[in-house]
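Open the model in your viewer and keep the selection panel at hand. The tour moves from pairing to packing to a single residue.

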Amino acid sequence: MFKNTFQSGFLSILYSLGTKPLQIWDKEVVNGHIKRPQDEDIQSNVLEIIGTNVQSTYITCPADPSATLGIKLPFLAIIVKNLKKYFTFEIQVLDDKNVRRRFRASNFQSVTRVKPYICTMPLRLDDGWNNIQLNLADLTKRAYGTNYVETLRVQVHANCRLRRIYFSDRLYSEEELPPEFKLYLPIQALLIIAR
């Protein structure tokens, strides 16, 4: 999808405020829903993915199962709200041995397991909104001893609320992020946190 696109800085693949946030995504829903409610904490529309079974309710990008993202930017950021339920997401990458590897992070797993084609990792979420940042090049090197080439696919399972999913060329501090990539909490929420 993005293979022939010049990639530097930031590349967003999901933004909950867009007119069609799931335009390049496919969705699968069994005993659950994917909606765009207003989140009370950030006073803004978000994408909500809820399901009784995390494996059967998810969104996946790109929508075409035979297509790949072709994103070479090595840092992935997911702005997600902890709903205090089971939640998991998966990233499929290609390494320099031309092998497809998957990294799956979930909040119901307690140990990291590295198998030939999948690495599963525990995910600890704070209450409320979280900014998950993964260095895919570092993960690929540490888990498999190979070099990251590109990201092929991103899949986000129930249960969560999403604000944005994007790739970047490096880790950016909060001050360096463009305004539309920041998560703004309303004034009253900030006052409660400051006390």
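Two strands count as paired if DSSP finds at least two bridges between them. Keep that in mind for the first stop; the model is predicted.

Select residues 58-61 and 148-157. These are strand 7 and strand 14, antiparallel and joined by four bridges. Now pick tyrosine 58. Opposite this tyrosine, in strand 14, stands histidine 157.

Seven strands form an open sheet with mixed pairing, in the order 2-7-14-9-10-12-11.

Next, select residues 136-144. This is helix 1, lying across strands 9, 10, 11, 12 and 14. Show strand 10 (100-106) with the helix: helix 1 runs at about 105° to this strand.

Move to strand 8, residues 75-82, and select alanine 77 within it. Is alanine 77 buried or exposed? Its relative accessible area is 4%, so alanine 77 is buried, the cut-off being under 20%. Show its contacts, leaving out residues up to four places away in sequence: Asn131, Ile132, Gln133, Arg164, Ile165 and Tyr166.

Finally, show the whole protein. It has two helices and 15 strands. Of its 195 residues, 50% count as buried. Among contacts between residues at least 6 apart in sequence, 70% join residues at least 24 apart.

Conventions
Residues numbered from 1 in each chain as written. Predicted model: local features only at pLDDT ≥ 70, side-chain atom pairs only at ≥ 80, totals over all residues. Heavy atoms only, no water. Contact = heavy atoms within 4.5 Å. Axes fitted to C-alpha atoms, helices over the stretch in contact; angles between N-to-C directions. Buried < 20%, exposed > 50% of the residue type's maximum accessible area, 1.4 Å probe, protein only.
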